[in-house]
Amino acid sequence: METLSEFKAFLQKDSRLDLKAVALAHILSLSGNVDSRELLSKSPDILGLILDLTTDPTAAISKDATFTLVNISSEEIGAKTLLKECPGLLERLFSAIFDEKNTLADAWCMILCNMSRQEALVEEILQEFDKDVEKMNRLVICFTRKGFNKSGCNLHYIGPAFSNFSQCSKGRELLCDREKMFFQRIMPFVEFKDSVIRRGGAVGFLKNICFDSTRHDWLLSEEVNVLPYILLPLAGPEEFDEEDNDKLPIELQYLSADKEREDDPDIRKMLLECLLQLCATRKGREFLRQKGTYEILRELHKWEVKQGDESRQTVLACENVVDVLIRTEDEIGEDNLKHVEIPEEVNKQLEKLDVLNDENVPQ
């Protein structure tokens, strides 16, 4: 602590530029180490000075200061200290992201993503949107408007932040606003080819919303029409006979011969988990069957098996959905599978299987 306190004099905005640069470079280097990050996270006065330097007129200084906060926010203790002990952090963060000319907007998006990943902090971050009802709309605009930032920042990390927000009911309520249509505006990015980060964030967000069974009717309604967003990335170039083709949503009919599936197995697995959640109710299961979900998954399963070990978990996820869809409702015997109580013994067996599956996944 004493060593860190020695840096305070050099981390003032009016400190000599050369001394400030050297001190900050050293702090940035420290923040790349786990133990040092913890030490810095317990020094809110130092973090406050670094936050101040994110608006330093010298570009190299503001850059090093901002990337130090990226590193600090990657740990729960650091994210918590920044949020609770550094007044004005969120105001500065959103100001930077919303500034079309800010050259460090990507780093600030990373900080938002890091901090919102901590479940204990999400609700506090979401309070910012209560203070300004237009703030979420502006964040969605930053994410959905191509080339919003004119300084070369791509703002991809807003996607995972949306996924993080939807961990809690307040976030889901905010992002499923029927009037503002945030959900519908974000959904096209489940197929954003240029960035797996942006794409994965949009799919993670979708998955969290699907876990909320109270929203299933809305998700499957014409107002949202979520099924094509889930099935299209899972579909390949296979041709179907006329009967099967007619079942499919119009967006999945007569796909081109060069149609490619989502290439990231983790994203495919999340999409399959979305389908499994939509199978929770009889109404959802019947809708998925009517819309050719089984037919798409039948071809996906053949393709996944050919991918080998890297698709092992995705194959299992696919089989989980298919197992539900091929059963009759009489066999299932429950309207809502989430209301079924699983015996304790079965629970323990499932937990053992999960551990075994994880251990057998190639690293």
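A disulfide here is a pair of cysteine sulfur atoms within 2.5 Å. The model is predicted, so local features need pLDDT of at least 70 and side-chain atom pairs pLDDT 80 or more, while totals for chains, interfaces and linings use all residues. Residues are numbered from 1 along each chain as its sequence is written, and side-chain values use heavy atoms, leaving out hydrogens and water.

Me: How many disulfides does a search of the whole structure find?
Reply: A disulfide is a covalent bond between the sulfur atoms of two cysteines. For cysteine 176, the closest cysteine sulfur is in cysteine 210, 9.7 Å away, so that pair is too far for a bond. The sulfur of cysteine 210 has its closest cysteine sulfur in cysteine 274, at 4.1 Å, also too far for a bond. The number of disulfides found in the whole structure is zero.

Me: Is cysteine 210 buried or exposed?
Reply: Buried means under 20% relative accessible area, exposed over 50%, and partly exposed in between (1.4 Å probe, protein chains only). Cysteine 210 has 0% relative accessibility, so cysteine 210 counts as buried.

Me: Which loop holds leucine 155?
Reply: Leucine 155 is not a glycine, yet has a positive phi of about 60°. Leucine 155 is also buried, at a relative accessible area of 2%. Helices (H or I, at least four residues) and strands (E, at least two) are DSSP runs, numbered from the N terminus. The loop is the one between helix H10 (135-144) and helix H11 (158-165).

Me: What is the relative accessibility of asparagine 225?
Reply: Asparagine 225 lies between helix H15 (216-220) and helix H16 (227-231), in a loop. Asparagine 225 counts as partly exposed, with a relative accessibility of 28%.
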